[in-house]
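Please examine the sequence and the structure shown here before reading on. The paragraphs below are meant to be read with both in view.

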Amino acid sequence: MDAVLFRNGLVLTMDDAHTVLPGADVLAVGGRIAQVGVGLTAPPGATEIDATGGIVMPGMIDTHRHLWQTAMRGYGADWTLTQYFVWYYLESGRHFRPEDIYAGNVLGALEALDAGVTTTVDWSHGLQTPQHADAAADALESVPGRFVLAYGNIQQGPWEWATSPGFRDFVERRMRGRLGFQMAFDVTGDPAFPERAAFEVARELDVPVTTHAGVWGATNDDGIRLMHEHGFMTPSTIYVHAATLSGDSYQRIAATGGSVSVSTESEQSAGQGYPPTWQLRDHGIPVSLSMDTSVWWSGDLFSAMRATLGADRSREHLQAHGRAETVTHVHLRAEQVVDWATRGGSRALGLDGVVGSLQPGRAADVVLLRNDDSPVMFPILNPYGHVAFQAQRGDVHTVLVDGRIVKRDHKLVGVDLGKARADVERTVEHLIATMGPDAWRKGMNPDIPATKILDNPYTYTEWTNT
Ligand SMILES: [Zn+2]
């Protein structure tokens, strides 16, 4: 049986007590965590990995990413959500062929693994045909990470694709394999509630629904109320963003046991609403973290943890200053966001007995943060603070998924990055050729609104003119 032993690291177990073990070892045997403790004995033939000076933690869990969009990495850096909707939903999303979905998914999946994100929900809403869906699933199965395919299709109403023979056939062929499965669609708030048919399919298949809820200008309290009134809010439902909801909606989410996937960088930059961790705290709603899409941001949860702490604290200070008060103790702690990046995800996905913590019997999804060449990797005084505010993806030294080494010494193992690159290049060429180079350039460079410099009473024209 394959055994891997991490030797002499600072171990964040992320168990219920958040046990931290300095100078400890983590032993994985046969795909599972066998032991966590000091001075473990390596079984014969075990691969030993020196974790001295590093942090050993559970693989991180991203509960919301549109992996297919990774082929356009960074293209939408200056977009708002409106420009995103126009590009993907209205104008150009339909140009993606099955091989483009494949290319984006492989690249995004590799990006996640490389950053120590061992479980990712692929909110895959570019599945225009069953061939697109097969391409998405093929891609996820080709990368040795843990993935949940959340099936969606922005080119049709969910009541159309979810009830189609093609979707049903896909489910029968592919749903019971290694991939996790969810259904991904949004609820517009139309009083006729046409999404009901899709919810009924999800209930029949016994799969969770994940939905963009509380997105400024797109989804609101009406969608939550309709879901609730029709009995479709469940503990396995993941509400993404949930940033512009009223207290009534948060109460309905809390009462039905669902969780919220907070994509702080996305909410801050695209404009879904203010990252809602402060509201979720007040309502006792469980939180997981996500990176949404690499068309803006890279898919690593270090960014998510850092941005989430910043957004929550920034708002807390700003609110207090508005009342002429001073915050002396912040609510949101580094330890909490590390929990959200691990246990928050495992709980949201119903996988808490499988992943999210380093405990005997759990799957061996393990990350070692160690970078001997980095002045930022010492001293490690506050381990949670170090993970959330100091570490970054370049510090991910080793990654295990199910006990298998998928990254070692800062390099992905057994991965054909050259093929992934060539595939993505073909997708980019296809998009440029289909849209035309001018439209491609214009899409990346939205107009900048005019800025009026305020009149400044301290400006002396005599001085500036001499
Ligand atoms: Zn999204």
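This is a predicted model: local features need pLDDT of at least 70, side-chain atom pairs count only at pLDDT 80 or more; totals for chains, interfaces and linings use all residues.

Residues are numbered from 1 along each chain as its sequence is written, and side-chain values use heavy atoms, with hydrogens and water left out.

Two packed helices are described by the angle between their axes and the distance between the axes. Helix H2 (residues 98-114) packs with helix H3 (residues 130-142) at an angle of about 25°, and their axes are 8 Å apart. Helices (H or I, at least four residues) and strands (E, at least two) are DSSP runs, numbered from the N terminus. The axes are lines fitted to C-alpha atoms, for helices over the stretch in contact, and angles run from 0 to 180 degrees between N-to-C directions. H2 and H3 are therefore roughly parallel to each other, a term for angles under 35 degrees. In H2, Pro98, Ile101, Tyr102, Asn105, Val106 and Ala109 meet residues of H3, among them Gln131, His132, Ala135 and Leu140; contact means heavy atoms within 4.5 Å. By class, nine nonpolar, four polar and one charged residues form the contact of H2 with H3. Here Ala, Val, Leu, Ile, Met, Phe, Trp, Tyr, Cys and Pro count as nonpolar, Asp, Glu, Lys and Arg as charged, and the others, Gly among them, as polar.

Which residues of helix H6 (residues 196-205) are buried? They are Ala198, Phe199, Val201, Ala202 and Leu205. These residues cover an arc of only 155° around the axis, which puts them on the same side of H6; the arc is that of the directions from the helix axis to the C-beta atoms. Buried means under 20% relative accessible area, exposed over 50%, and partly exposed in between (1.4 Å probe, protein chains only). The face of H6 turned away from its buried side carries the exposed residues Arg203 and Glu204. Asp206, with a positive phi near 60°, follows H6.

In helix H8 (residues 247-256), the buried residues are Ser249, Tyr250, Arg252, Ile253 and Thr256. They cover an arc of only 160° around the axis, which puts them on the same side of H8. Their cover includes helix H7 (221-229), strand S11 (238-241) and helix H10 (277-283).

Finally, Gln319 lies in helix H11 (residues 301-322). At 37% relative accessibility, Gln319 counts as partly exposed.

Terms used
Angles under 35 degrees count as roughly parallel, over 145 as roughly antiparallel, 65 to 115 as roughly perpendicular and the rest as oblique.
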